[in-house]
Amino acid sequence: MASSDVGDKPMVLTSHVDELFAYPQIFVPVMEKYFQVVWWEDFEKDMERYARHIQGVLVNGGLPKVTAELLDTLPNLRIISTLSVGMDHLDLQLLKSRGIKVSSVPDVSSDCVADWGMTLLTAAARRLPEAIKSATDTTTPFNYNILGKKITGSTLGIVGLGRIGYGIAERALGFKMKVLYFDIMRQPEREAALGLEFHSCLDQLLPNCDFIIIVVPLTPQTHGMMGREQFKLMKPSAIFINIARAPVVHQDQLVEALQNKTIQAAVLDVTSPEPLPPDHPLLHMPNVIITPHMGANSLESRRGVVEAGCESCTAAIRGGAIPREVVLK
């Protein structure tokens, strides 16, 4: 709990410590190095004590929710620093109208997420969850004949060649994969550097791929971009991987494609909702792997994200140039 006295360190508001859903305890000292930290539950109990002293909000996992009502209570707020790449949880027009700065962390965890993308691709190709269960679950037969898909020499389609997509392409070349990509903007320098093949039309890329991995940001243009028609264009043997945002995919239509064997398998690090309800069909399909939105979850990456968010928040409070500032249009 932050002191009610204003000391040398600026005061910021953030969500809560929770080993499952929010900040693991190990990151609290990182924030306290920079700030007097006001936890949301303490703020709710005594807003008058803290409100006029709070100059920044650190948003973690979409919390605390930044609403007009919250902003009304914080007269000296200078910045919302979100510890994420995506910003679909923020009302950017509202923040712009209030003259509040915004920062994100787009470049801190890219390598970690790219590592995770290739980890999931490999796990699905070689049917790793099934293999582990066969070898460790005594109620399951020990199966020597779990036949996976060969990765070396196969074709990978990357949808979105940003920092993460490019990192995945670099790693895929280590597997001697042929890499195709689709992006709304061609990336000639990245394309030439790795020998990638550009497709200006997503529908033309999909039929050529053994694996398709989605790494686009969630925008009005990408919302629902993968659905029934796109799955029909894929090979029946294709493995579909989403490490972007759940709303990029029509989830019910993905279920349909898996049930009908339109595609072979899917790997989802993101779902809607998170977690899925116990009776959701995706949880009970042998050709689906689901992980708990953990692409950036290495110790090094998460610590780097918290540090970067704190640095941006500190810069704004001091009136300096803000690292990783989001330009509000």
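Author: Below we go through the sheet, its helices and the cysteines. This is a predicted model, where local features need pLDDT of at least 70, side-chain atom pairs count only at pLDDT 80 or more, and totals for chains, interfaces and linings use all residues. Residues are numbered from 1 along each chain as its sequence is written, and side-chain values use heavy atoms, with hydrogens and water left out.

Reader: What is the strand order in the open sheet of seven strands?
Author: The order is β8-β7-β6-β9-β10-β11-β12, with parallel pairing. Strands pair if DSSP finds at least two bridges between them. Strands (E, at least two residues) and helices (H or I, at least four) are DSSP runs, numbered from the N terminus.

Reader: Which strands stand at the edges?
Author: β8 (197-199) and β12 (288-290). Each has a single partner strand, so one side of each is left without a neighbour in the sheet.

Reader: How many bridges join β6 to β7?
Author: Five, between residues 155-159 of β6 and 178-182 of β7. Leu156 has Val179 of β7 as its bridge partner.

Reader: And α8, what does that helix touch?
Author: Helix α8 (residues 163-174) packs on the sheet and touches β6, β7 and β9. Contact means heavy atoms within 4.5 Å. The direction of α8 makes about 170° with that of β6. Axes are lines fitted to C-alpha atoms, for helices over the stretch in contact, and angles run from 0 to 180 degrees between N-to-C directions.

Reader: Switch to β10. Which way do its side chains point?
Author: Ile239 and Ile241 point one way, Phe240 and Asn242 the other. All are buried, meaning under 20% relative accessible area with a 1.4 Å probe, protein chains only.

Reader: What stands opposite Phe240?
Author: Ile212 does. Four bridges join β9 (residues 211-214) to β10. On the β11 side, Asn242 has Leu268 as its bridge partner.

Reader: Which helix goes with β10 and β11 in a β-α-β unit?
Author: Helix α12 (residues 251-259), and the unit is right-handed. That means, with the strands pointing away from the viewer, the path from the first strand over the helix to the second runs clockwise.

Reader: Cysteines now. How many disulfides?
Author: Zero in the whole structure. The cut-off is a pair of cysteine sulfur atoms within 2.5 Å.

Methods: Buried < 20%, exposed > 50% of the residue type's maximum accessible area, 1.4 Å probe, protein only.
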